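Open the model in your viewer and keep the selection panel at hand. The tour goes stop by stop.

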Amino acid sequence: MNRTRIVFFSIVLLALIIVGASLIWRSLNQPQPLTVTPRGPIQVRVITALPVEPWVRAAAKQFNAEKHILEGELIQVEVIAMDGLAALSKWDRDEFGILGERSPEELSAAERERLSRFPTVWIPDSRYLVELANATYKERLGRDVFLTDGEYRARPLAISLFTWGIYESRAQVLQSHFGEINWKTIHDAAIAKGGWPELGGKPEWGFFKLVVPNPRKNVGGLAAMIAAAGEYYERPNISTADVTNPDFQRWLGELMGAVTDVSGGSAYTAEDFALFGYSVGDGGQLLESDLLTNMAGIQTRWADPLRIYYPKYVTWFDFPFTVWMGPETSALEKNAALEFERYLLSPEVQRQAVEYGLRPASPEVPVTGENSLFVRYEAQGVRPVIPRAEAMRSPDREALLARLSWFDL
């Protein structure tokens with residue numbers, strides 16, 4: 001090969017190397033297609049009051065099975081059952097672990113682990129519990145963490161109220177002796193030294209036994225004592241001075257003396273009522289939805305049917321869906337929570353609430369539909385439309401704490 005050919009092939013080889021290098025450089029520096037790294041399911045953790053927990057849990061299971069998507073990500077709802085007062089205590093003691101003024105990087109490993117389980121939503125028994133928790137955080141942080149207006153405001157999901165549930169044979173005796181069923185009637189029955197025979201009942205019934213939930217395990221117990229105060233004073237607004245009045249406390253002590261075992265009582269008083277019948281009590285003021293869902297068990301286990309009576313001063317529970325508005329949960333989690341809220345308020349799921357003895361929050365859904373417990377147990381005194389009654393007003397924090405302190409003592 002002569003020198004001319006060697007030079008020619010060298011130039012060609014050099015040109016090929018330059019072209020190849022140029023192509024490689026261009027391919028490496030071309031813009032790549034935009035891809036989103038998968039983040040995994042959006043977790044919505046919902047702390048739920050005991051009376052609505054079965055309905056909310058069933059709805060969450062159905063919601064998860066339907067695979068709802070938000071911004072390309074799957075939403076997963078987790079339901080955690082917790083009594084309203086127990087949850088309020090955890091908020092007050094900051095047991096869920098808020099950030100405050102710190103950044104996530106400043107947290108310890110244990111604090112980060114706790115924060116990863118922070119509740120996205122709280123569904124307490126009543127909105128006044130939300131107001132109490134929010135007042136604590138507003139004082140601590142200088143801002144609201146639960147809102148009362150706007151898209152993220154607390155919205156009622158369902159409604160229930162406190163009613164008298166009394167075995168029919170006992171109710172007939174009380175009505176014959178006293179004329180009507182109310183807290184004053186129950187108090188007088190409780191202090192009857194001769195027991196049921198003094199009132200016109202059977203000797204084997206013993207003394208009158210009152211059913212009241214443990215206020216430390218079920219917010220219904222506290223609501224029952226507040227309702228009793230309302231009838232004692234004959235007005236719906238109860239102050240701290242009212243609940244600390246020695247005459248009222250003596251009256252309430254006599255009333256609570258008829259409870260079989262309030263200190264050892266469970267959080268599921270209506271369920272115990274259905275399971276253990278007369279040994280638990282002759283009757284008491286319990287949540288309507290709890291009585292309705294346990295009515296079948298009461299009817300199949302005990303010869304005496306249960307009758308329901310509506311009090312003059314009504315205590316309402318509205319179970320508000322409340323989204324936490326702090327930085328502890330992401331904007332995506334908050335918006336996913338709203339998706340679940342809309343699902344719970346949909347007509348189909350509201351109709352399912354009626355099957356759990358709950359009155360739907362949606363005005364489109366009647367309480368008299370198919371599988372309605374209000375229709376099934378109308379003969380036991382259940383009323384789809386509530387008789388005229390006056391609503392008990394929510395006690396302030398001082399009155400609530402005074403009532404709980406009295407109970408502890």
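Which residues of α5 are buried? Select residues 127-141, the range of helix α5. This is a predicted model. The buried set in α5 is Tyr128, Leu129, Val130, Leu132, Ala133, Asn134, Thr136, Tyr137 and Leu141. An α-helix has 3.6 residues a turn, so residues three or four places apart point the same way.

Now check the length of α5. The helix has 15 residues and spans 20 Å from first C-alpha to last. That is close to the 21 Å expected at 1.5 Å a residue.

Step on to glycine 142, which follows α5. Its phi is positive, near 80°.

Next, select residues 331-344. This is helix α14, and glutamate 341 lies in it. Show the side chain of glutamate 341: it is buried, yet it has no salt bridge. Which side chain of opposite charge is nearest to glutamate 341? It is arginine 155, 4.3 Å away.

Leaving aside neighbours within four places in sequence, its contacts are Arg153, Arg155 and Phe321.

Finally, zoom out to the whole chain. It holds 17 helices and 14 strands. Of its 409 residues, 51% are buried. Take the contacts between residues at least 6 apart in sequence: 75% of them join residues at least 24 apart.

How values were computed. Residues are numbered from 1 along each chain as its sequence is written. This is a predicted model: local features need pLDDT of at least 70, side-chain atom pairs count only at pLDDT 80 or more; totals for chains, interfaces and linings use all residues. Side-chain values use heavy atoms; hydrogens and water are left out. Helices (H or I, at least four residues) and strands (E, at least two) are DSSP runs, numbered from the N terminus. Buried means under 20% relative accessible area, exposed over 50%, partly exposed in between (1.4 Å probe, protein chains only). Lys and Arg count as positive and Asp and Glu as negative; His and the chain ends are not counted. A salt bridge is a side-chain nitrogen of Lys or Arg within 4 Å of a carboxyl oxygen of Asp or Glu. Contact means heavy atoms within 4.5 Å. The expected span of a helix is 1.5 Å times one less than its number of residues.
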